[in-house]
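Dear colleague,

Please find the structure below, handed over for your records. My account of what was found follows it.

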Amino acid sequence: MTATHESAIPAEPQSAPGATLLRTPLVAKAAAELVGTAALVAVVVGSGIQATELSHDVGLQLLANSTATVFGLGILILLLGPVSGAHFNPVVTLAEWWTARRGGAGVTLREVAVYLPAQIVGAIAGAILADAMFGEPLVKWSTHDRSAGHLLLGEIVATAGLILLIFGLARANRLQFAPVAVASYIGAAYWFTSSTSFANPAVTIGRAFTDTFAGIAPGSVLGFIGMQLVGAIVGLALVSLIFMPGRSAE
């Protein structure tokens, strides 16, 4: 879900996705990504369980789920952004690494190798924690099939928009607004995308471990992840097109 950028990003600490700080120990960054992703998934899954226990209206359930996610994600980005950049999302990490290879600011390959496992382990732990808090089986594969074509299209749109937002803010030197902007976008995308905007491979994997409101069947996971990667490529292409560097007048 969240939470990166290119050469427009200032070098000083930023409380935003992708604003990875120099001199921060790698173990601290890994811990921030693991704990942050775990907390994010716990919020998503836990609020989904709570919503279904309080109401049988699917619309109200989704409203409760999305609202909790907006507030939870915003707080996590604000808190952990100065440590790791608050990615909590492999496509954000990979996109930042790609832009760094092309001369922008970003994570190193070593950091990518640490961030991705931390995010995945954190997501699984967050789903198990949410199930434990609500007395659900700790691990029960989801039966919520999400393999339909229109849902896969929704994931492309959701992920492309997320990458466009984060990297666009970076290009415009407005990363200070990322906690509010990213959380608001995810909250809106719950409603305007058919897939309810997973937009995050780690979160997708974690949500396969719970057979509750927010779950996704294991058979649907690879399709979602594949479309999220496509969405990330589309998002980066849109950033390059829309935020194209200007040319000096002659």
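Which residues does I163 touch, not counting residues up to four places away in sequence? I163 touches V91, V92, A95, G168, A232, G235, L236 and V239, where contact means heavy atoms within 4.5 Å.

Before going further, please note the basis of these values. This is a predicted model, in which local features need pLDDT of at least 70 and side-chain atom pairs count only at pLDDT 80 or more, while totals for chains, interfaces and linings use all residues. Residues are numbered from 1 along each chain as its sequence is written, and side-chain values use heavy atoms, with hydrogens and water left out.

Confidence

The chain has an average pLDDT (the predictor's confidence in each residue, from 0 to 100) of 90, and 88% of the residues score at least 70. Helices here are DSSP runs (H or I, at least four residues) numbered from the N terminus. In the chain, helix α7 (residues 201-207) has the highest confidence, at 98, and helix α3 (residues 90-101) the lowest, at a mean of 94. Over residues 3-15, pLDDT stays under 50, and the model has 57 contacts beyond four places in sequence for them.

Nonpolar cores

A nonpolar core is a set of buried Ala, Val, Leu, Ile, Met, Phe, Trp, Tyr and Cys residues joined through side-chain atoms within 4.5 Å. Buried means under 20% relative accessible area, exposed over 50%, and partly exposed in between (1.4 Å probe, protein chains only). The largest such core has 43 residues, and L73, F88, I163 and V182 have the most contacts inside it. Two or more residues come from each of α1 (26-54), α2 (58-84), α3, α4 (109-133), α5 (149-171), α6 (178-192), α7 and α8 (218-242). Helix α5 gives the most, with eight residues. A second, separate core of eight residues includes F198, I216, F224 and I225.

The salt bridge

One salt bridge is found in a search of the whole structure; the term means a side-chain nitrogen of Lys or Arg within 4 Å of a carboxyl oxygen of Asp or Glu. The side chains of K29 and E111 form this bridge, at 2.6 Å, N to O. K29 lies in helix α1 and E111 in helix α4, so the pair ties together parts that are 82 residues apart in sequence. Both K29 and E111 are buried.

Other buried positions

S84 is in helix α2 and counts as buried, at 0% relative accessibility. S84 and A31 are 53 residues apart in sequence, with their C-alpha atoms 8.7 Å apart in space.

T210 is found in the loop between α7 and α8 and is buried, with a relative accessible area of 1%. Leaving aside neighbours within four places in sequence, T210 is in contact with V45, D131, K140, S142 and G215.

The loop between α6 and α7 holds T196 and S197. Most residues other than glycine have a negative phi. T196, however, has a positive phi of about 60°, and phi of S197 is near 55°, also a positive value. T196 is buried, with a relative accessible area of 16%, and S197 is buried at 0%.

An exposed residue

L241 lies in helix α8 and counts as exposed, at 55% relative accessibility.

Yours sincerely
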